[in-house]
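Please read the points below with the structure open beside you, and take them in order. They begin with confidence and then turn to the packing of helices.

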Amino acid sequence: MNPRRFAEFGGFGPGPGRFFGPGELRLALLALLDEQPGHGYDLMSRLEDRCGGAYRPSAGAVYPTLQQLEDEGLATVETDSGRKVFHLSAAGRDEIREHEAQLERIWARATRRGEWGMFRDPDAAEILGPALRLFKTAAATIAHAHGDPTVVEQVRDIIVAATREIEDVDADAPRHPRRRRRRPRE
């Protein structure tokens with residue numbers, strides 16, 4: 001089953017809902033500009049990376065927000081090779097300082113949701129069914145034993161051992177660069 005669909009139907013992980021609340025995309029873009037100036041596509045790519053792939057920004061959300069930042073005087077724009085490159089202004093830096101705690105919460109949420117982003121990969125989705133059956137079987141076994149401590153300990157030991165084996169496979173697995181969808185140039 002497609003992991004995005006799985007989440008939509010009550011599965012674990014982030015669902016398809018909005019990633020950013022009101023005004024949060026604006027703050028996230030300001031924070032990225034504070035790290036380094038960039039053009040729209042660059043900022044979209046950096047934002048997706050920062051969110052671990054759990055959020056894929058659209059041009060329809062990012063470009064109007066960048067225009068808003070410019071209109072508010074929080075960002076300035078230079079043209080470089082025909083592209084608008086956005087830079088953080090002094091007022092933009094002040095805005096970031098005023099909202100540091102909110103930005104920390106945004107990036108923490110991005111990290112948490114990014115951890116679930118791996119389930120959007122079709123290869124990783126192959127293990128969802130077996131993993132869920134394992135969890136269901138473990139929970140049912142404990143329920144049928146009415147929480148008998150011996151049974152709980154045995155089930156926990158089996159799951160811990162399986163986790164260690166999978167971690168060993170992960171440690172030995174070859175690493176491949178992350179596959180990315182190509183976006184059209186601005």
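**Notes on confidence and helix packing**

1. In this predicted model, the confidence of the chain is lowest in helix H1 (residues 3-8), where the mean pLDDT is 40, and highest in helix H5 (residues 90-98), where the mean is 95. Averaged over the chain, the pLDDT is 82, and 80% of the residues score at least 70.

2. Two stretches should be read with care.

3. Helix H2 (residues 24-35) and helix H3 (residues 40-50) have axes that come within 11 Å and cross at roughly 105°. Angles of 65 to 115 degrees count as roughly perpendicular, and therefore H2 is roughly perpendicular to H3. On the H2 side the contact involves Leu25, Ala28, Leu29, Leu32, Leu33 and Glu35, which meet Leu43, Arg46, Leu47 and Arg50 in H3. By class, these residues divide into 7 nonpolar, no polar and 3 charged.

4. H2 also packs with H5, at an angle of about 120° and with the axes 10 Å apart, which makes H2 oblique to H5. The crossing of H2 and H5 is left-handed. From H2, the contact uses Arg26, Leu27, Leu30, Ala31 and Asp34, while H5 contributes Gly92, Arg93, Glu95 and Ile96. The contact of H2 with H5 has 4 nonpolar, 1 polar and 4 charged residues.

Note on methods. Residues numbered from 1 in each chain as written. Predicted model: local features only at pLDDT ≥ 70, side-chain atom pairs only at ≥ 80, totals over all residues. Heavy atoms only, no water. pLDDT = per-residue confidence, 0-100. Helix = DSSP H or I, 4+ residues; strand = E, 2+ residues; numbered from the N terminus. Axes fitted to C-alpha atoms, helices over the stretch in contact; angles between N-to-C directions. Parallel < 35°, antiparallel > 145°, perpendicular 65-115°, else oblique. Contact = heavy atoms within 4.5 Å. Nonpolar A, V, L, I, M, F, W, Y, C, P; charged D, E, K, R; others polar. Left-handed = near helix turned anticlockwise from the far one by under 90°.
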